[in-house]
Amino acid sequence: MEKISCEVVRDLLESYQEELVTDTTNKIIEQHLKKCEECRKIERKMQLQMELQREQRQKREKTFCKKLISYRYEILGFFTGVVAILGIFLLVVVVQELAMELFW
Ligand SMILES: [Zn+2]
C-alpha cells in the first residue's frame, strides 16, 4: 500500500468524511488514521464539528417550522379579517339597495 503524508490525508479528510473519495483513497486514509494519532485527532475534531453543524442546522429548521406555524395562524387571521370586512361591506351594499327599493 502506498504511503501518503499527513498533509495529504488532512487535505482529503473533509471529502473522506462526506464519503466523496474512492474506495482506494478511503482505505489509504483509514490505514493512515490507524497509525497516525495526530491525523486521528484532527479527524475526530472535524467529525465533532460536522455533527455540531448538523445539530445547529436541525435546530434552525425546527425554529423555522415553528415560526412558519405561528405565521400561518397570523395569515389565517388576516384572511378571516379580510373575508369578514368584505362580508360586512357586501351586507351594507345589499341593505342599501333594499332600502332604496323600499323607500324610493
Ligand atoms: Zn497523519
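Visitor: Hi! Where is the place of Met50?
Guide: Met50 sits in helix α3. Helices here are DSSP runs of H or I with at least four residues, strands are runs of E with at least two, and both are numbered from the N terminus. Keep in mind that this is a predicted model: local features need pLDDT of at least 70, side-chain atom pairs count only at pLDDT 80 or more, and totals for chains, interfaces and linings use all residues. Residues are numbered from 1 along each chain as its sequence is written.

Visitor: What does Met50 count as, with its C-beta neighbours inside 10 Å?
Guide: Met50 counts as partly exposed, because it has 13 C-beta neighbours inside 10 Å. With C-beta atoms placed from the backbone, a residue is buried if 20 or more other C-beta atoms lie within 10 Å of its own, exposed if 12 or fewer, and partly exposed in between.

Visitor: And how far is Met50 from Thr25 in space?
Guide: Their C-alpha atoms are 21 Å apart, and in sequence Met50 and Thr25 are 25 residues apart.

Visitor: Let's zoom out. How many helices and strands does the protein chain have?
Guide: The protein chain has three helices and zero strands. From the N terminus on, the order is α-α-α.

Visitor: What box do the C-alpha atoms fill?
Guide: Along the principal axes, the box is roughly 105 × 20 × 15 Å. The radius of gyration of the protein chain is 32 Å, whereas a compact globule of 104 residues would have one near 13 Å. That radius is taken over C-alpha atoms, and the globule rule is 2.2 Å times the number of residues to the power 0.38.

Visitor: How much of the chain is made up of buried residues?
Guide: Buried residues make up 6% of the 104 residues.

Visitor: Back to the helices. How do α1 and α3 pack?
Guide: Helix α1 (residues 6-17) and helix α3 (residues 37-103) pack at an angle of about 25°, and their axes are 10 Å apart. Therefore α1 is roughly parallel to α3. Axes are lines fitted to C-alpha atoms, for helices over the stretch in contact, and angles run from 0 to 180 degrees between N-to-C directions. Angles under 35 degrees count as roughly parallel, over 145 as roughly antiparallel, 65 to 115 as roughly perpendicular and the rest as oblique.

Visitor: Which residues make that contact of α1 and α3?
Guide: From α1 they include Cys6, Val9 and Leu13, and from α3 they include Ile42, Met46 and Met50. Two residues are in contact if their C-beta atoms, placed from the backbone, lie within 7 Å.

Visitor: What about α1 and α2, at what angle do they cross?
Guide: The axes of α1 and helix α2 (residues 23-35) cross at roughly 120° and come within 11 Å. So α1 is oblique to α2. The contact is made by Val9, Leu12 and Tyr16 of α1 with Thr25, Asn26, Ile29 and His32 of α2.

Visitor: New topic: where is Glu19 found?
Guide: Glu19 is in the loop between α1 and α2. Glu19 has a positive phi of about 60° although it is not a glycine. Most residues other than glycine have a negative phi.

Visitor: Is Glu19 buried or exposed?
Guide: Glu19 is exposed, with 7 other C-beta atoms within 10 Å.

Visitor: Last one: where does Cys65 lie?
Guide: Cys65 lies in helix α3 and is exposed, with 10 other C-beta atoms within 10 Å. Cys65 and Cys6 are 59 residues apart in sequence and 43 Å apart in space, C-alpha to C-alpha.
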